[in-house]
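Please work through the following exercises with the sequence and the three-dimensional model in view. Each task is followed by a solution that goes step by step.

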Amino acid sequence: QVRLVESGGGLVHPGGSLRLSCAASGVIFSIYAMGWYRQAPGKQRELVATITSGGSTNYADSVRGRFTIYRDNAKNTVFLHMDTLKPEDTAVYYCSAPGTPYWGQGTQVTVSS
């Protein structure tokens with residue numbers, strides 16, 4: 001059974017930082033591209049960042065230069081380090097393996113003063 005479990009969300013002030021983690025089990029993690037997505041209230045889910053099995057990364061324009069996606073295949077975990085957070089980054093953040101039905105349950109990130 002494939003499981004993706006996100007953690008690391010919380011409440012942070014504007015300009016602050018957070019690191020999200022997504023731990024995978026039940027899958028050969030290293031062969032999959034992984035992605036972080038987010039969904040704000042009343043909005044569609046959007047892609048935030050992806051990382052291939054080889055480590056190539058891609059970012060949404062809104063987060064490029066502020067967020068960093070990376071992976072630790074030995075720990076079956078993908079991370080999203082978020083700097084210079086803005087109120088508009090507030091959303092539920094999900095990890096997924098693009099092109100597969102595998103999704104985590106999400107972790108809430110709230111950026112507010």
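**Exercise 1: A residue in a loop**

Asp89 has a relative accessible area of 0% and is therefore buried, where buried means under 20% relative accessible area, exposed means over 50% and partly exposed lies in between, computed with a 1.4 Å probe on protein chains only. This is a predicted model, in which local features need pLDDT of at least 70 and side-chain atom pairs count only at pLDDT 80 or more, while totals for chains, interfaces and linings use all residues. Residues are numbered from 1 along each chain as its sequence is written, and side-chain values use heavy atoms, with hydrogens and water left out.

Task: Find where Asp89 is located, and state with which side chains the side chain of Asp89 makes polar contacts.

Solution. Begin with the location: Asp89 is found in the loop between strand 8 (77-82) and strand 9, strands being DSSP runs of E with at least two residues, numbered from the N terminus. Next, look for polar contacts, which are pairs of N or O atoms within 3.5 Å; within protein, one atom must be able to donate a hydrogen and the other to accept it, and residues adjacent in sequence count only if both atoms are side-chain atoms. The side chain of Asp89 makes such a contact with the side chain of Arg38 at 2.9 Å, and another, of 2.8 Å, joins the side chains of Asp89 and Arg66. Finally, leaving aside neighbours within four places in sequence, the residues in contact with Asp89 (heavy atoms within 4.5 Å) include Phe67, Thr84, Val109 and Val111.

**Exercise 2: The disulfide**

Task: Identify which cysteines form a disulfide, and explain which parts of the chain the pair ties together.

Solution. Because Cys22 lies in strand 3 (residues 18-25) and Cys95 in strand 9, the pair ties together parts that are 73 residues apart in sequence. Cys22 counts as buried at 0% relative accessibility, and Cys95 is buried with a relative accessible area of 0%.

How values were computed
Disulfide = S-S within 2.5 Å. Helix = DSSP H or I, 4+ residues; strand = E, 2+ residues; numbered from the N terminus.
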